[in-house]
Amino acid sequence: MTTQRLRGPAEVRALVGELCDGIHRALAGAPDAALVGVRRGGIALAGRVAADLQARGMRIDRGAVDIALYRDDAHLALPRPESGPTEIEFPLDGRQVVILDDVFWTGRTARAAMDAVLDFGRPQRLWLAVLAQSPHRELPIVPDVAPLVVEAARGERLELRLVEDGHPDDELVLVRSLR
Amino acid sequence: MTALAERHLLGLEGLSREAIEHLLDTALTMREVLRRSVKKVPTLRGKAVVNLFFESSTRTRMSFEVAAKVLSADTYSISQTGSSVTKGETLVDTAKNLDAMHPDVIVIRHASSGAAALVSRHTRAAVVNAGDGQHEHPTQGLLDALTLRERWGALDGKRVTIVGDVLHSRVARSDAFGLTALGARVTFCGPPTLLPPELASLGVTLATSLRRAVEGADAVMMLRVQNERMDGQFLPSSREYSRTFGLGLEQLEWLKPDALILHPGPVNRGVELSPEVADGPRSVILPQVENGVAVRMAVLYLVAAGHAEEHG
Amino acid sequence: MSGHAGLFAIVGARVIDPANGIDGERTVLVRDGRIAGVESPGALPSFDGVRGERIERIDARGLWLLPGFVDLHAHLREPGEEHKETIATGAKAAVAGGYTTIVAIANTRPPIDNAALVRFVKKKGEEADLARVLPAATITLGQKGEGLTELVDLAEAGAVCFTDDGRPVANAGVMRRALEYSRLVGRPIVAHEEDLGLAGGSMHEGEVSVRLGLRGVPGAAEEVMIRRDLVLAELTGAHLHVMHVSTAGSVRAIREAKSRGVKVTAEATPHHLTLTDEAVKGYDTNAKMMPPLRPEADRRAIVEALQDGTLDAIATDHAPHATVDKELEFDKAASGIVGLETAFALTLRAVQRGELKLTRAIELLTSGPARAFQLDAGTLTVGAPADLTLIDPEARWKFDAKKSSSKSHNSPFDGWEFSGRVVRTFVGGRVRFEL
């Protein structure tokens, strides 16, 4: 397995800024929106985005969703649930809700996250925001906000590493598994 | 990584601490689902779970059924009455015939020790032991562990005393294996007729004095005593048992103020537990029931499919 | 394969005949179905003066030549449960295991409790014409533990011993009378020792049973009955034979009684010599037998008692059961295993492990049991029936229960690898088994 740094700390900060701008634009006029991070990659990111949006004067609820129980590959193999459960301790009905993940890849995680969130209520509008995406879509789903597009091959994946998750620096890396 | 070294859950004996902790962690995720207003996730959609109950058991069976349904599995229930079991079909025949219908999981409750192991040798389905004779009741052991871990954070060094007919109790065995694996020190307490010295080989301390066994305990699990034991064979009478091994308000004074009271249910009120104690503030009997569903969801989830990491 | 015309010599084999203190290369001459001579190598002429014929020679270099084995305890299931075994299939398994004489235990359906049934068993054995089948008869009518059978009539019909095996004689008074009355016929009362008040479990009561949640039978269930019957044997002066001894406490009781001159003999099974209750882990019903497999300390006591003479014989307790009787929940499965085809291999295994001395081990399969029941078998004494077993001591083989000659395949030793194998069995000078 080899890793290649695509973006360093300053660039990641800039990308998060663009992400927040994008979400802010999308939510323009919404009095109280909700932000749901996808475990695990979207959790720390959601913390930063929520802080940024609150600094811009928005009221925002923040939650987390674990998608393990919603994956579509149970007939093949089930993943172990990630380190925490789904936490959405506020109503979703009639609200603007943003699902936030670090990376958009095939769309399957996004699909599962949408199903999971919709089990908790009926938002007025559901958004999908990611820091980066790569065009390997397997489902007809496109993120609403995605400041960075990365050309990556099959067998490669993007990883956002943030200091909140114990990494030494913020960085976006490309991980290549050796076959 | 996999929590279960084998694809079945036949007992807690031999499971590592890591495996048990993983099961309990998974159960917490499941419990969150259980508490939602929409109690349904699509995880086991298209999976068939057969509940094969040869002993009547309202609560365990219901608990497994709820667990399977919340995970969107299709459930089928076969009970002793109305099945070919009463027509003299052997358990192995039943297992082979069920197997031909491609179930993914068989949950079995049976009066004979080793019945779950026997079925597991004759089916491709994952087998979950829901209580086999006097052997093990692993999901009960897990739910007790979850209930205690939640209250205490960790079980290390905690003293848990299990009182009653431990000789004939599958709950006592699974608790002993599960709780000691998590670092607790377990004491079995009961009359000598139900407490053969060989039980100490399970890694537990044996005691015939209720007072000494519960003094200093952090939790006390009161087992139900079957009426058939109290017919003069093992115990002279239920009255004498209750006087000697029952937990009432008076005996409660012997316990540490924060000690918890558990019971695998259903409670024989007035025999092993007085109603005041069963319904009292230290009782965690109802949390046990909720955790039972969560644990069974976790078990079904973990046995129902292959090992995720192998598939990437 | 039985082409020898009543006159042949087996040459080059290591002959082990414990009854006559022989262990070395000998030539064994067989004439008309009986042992006619046991000679030093090279001492045999090529021409037999008695019959005036040339002596055919069978080259047995590299093999052991032993007296045919004697089993005091085989359940042949006929009449009544022919789907499990018949006298013919049991006798076939016997010769495949090197046995030339087997005692057919009487707990058939119906039990062997009258002379006609004794003659039936005898006749079936003769028709099979394999191992010699000696009938046992029950002690009590219908094996019910109440009224005595006609011991004199039964003995005259051919019963070699009396036993209610499968069940104990629960009533001490009945046992006393049986022992007393048996003195009329000079045949042993053979006891299945189990106190029913202490029994009822499906394995040994101990650490393994509490772990598996199986109801146990304590060693005491056997020991209290053995002690009762030893007292009664002493009271009556009759010959008591104790079947399938399985605990250290039983061994102590028998040893003590023998030292005081009580007329008692006793046997143990190959499985109690080999396995412990650990074999039950995993709920393998082929590890379910009565008496149950015991812990290692008991197993060692059995080994010691076999070696020091406290126990007189290794007896198979060959107990065939159909798959439907065994492939069940452990507590519901039938007790017992087939044993005729693995007994020698397991006994030799104990020798190879240094637990038994070779000549003693052979004695326990031959003259030991023969003496216990006063049978004309188990030796190579001149004039004795030419019942012989040839062993290849170097042969490595794997026991495949499915391929056994018995009708049933319930063995915990399926797939076990052994070294030392029965290659030919002679009964009355005729080859009745050849590998």
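In the predicted model, helix α6 of chain B is mostly covered, with 11 of its 12 residues buried. The buried set runs from B:Arg170 through B:Val171, B:Ala172, B:Arg173, B:Ser174, B:Asp175, B:Ala176, B:Phe177 and B:Gly178 to B:Leu179, and also includes B:Ala181. These buried residues pack against both helices and strands of chain B. The helical partners are α1 (17-34) and α5 (138-152). The strand partners are β4 (126-132), β5 (159-163), β6 (185-189) and β8 (219-222).

The length of α6(B), residues 170-181, agrees with expectation. At 1.5 Å a residue, its 12 residues should span 16 Å, and the end C-alpha atoms are 17 Å apart. Just after the helix, B:Gly183 adopts a positive phi of about 100 degrees.

Chain C is divided into two domains. The C-alpha centres of domain 1 and domain 2 of chain C lie 27 Å apart. Contact between them involves 24 residues of domain 1 and 41 residues of domain 2. On the domain 1 side of chain C, the elements that contribute two or more residues to this contact are β20 (388-398), β21 (417-427) and β22 (430-434). Strand β21(C) gives the most, with 5 residues. By class, the side of domain 1 of chain C that touches domain 2 has 11 nonpolar, 9 polar and 4 charged residues.

Note on methods: Residues are numbered from 1 along each chain as its sequence is written. Chains are lettered from A and ligands numbered from 1 in the order in which they are written. This is a predicted model: local features need pLDDT of at least 70, side-chain atom pairs count only at pLDDT 80 or more; totals for chains, interfaces and linings use all residues. Helices (H or I, at least four residues) and strands (E, at least two) are DSSP runs, numbered from the N terminus. The expected span of a helix is 1.5 Å times one less than its number of residues. A residue is buried if 20 or more other C-beta atoms lie within 10 Å of its own, exposed if 12 or fewer, and partly exposed in between; C-beta atoms are placed from the backbone. Two residues are in contact if their C-beta atoms, placed from the backbone, lie within 7 Å. Domain bounds come from an automatic or database domain assignment. Ala, Val, Leu, Ile, Met, Phe, Trp, Tyr, Cys and Pro count as nonpolar, Asp, Glu, Lys and Arg as charged, and the others, Gly among them, as polar.
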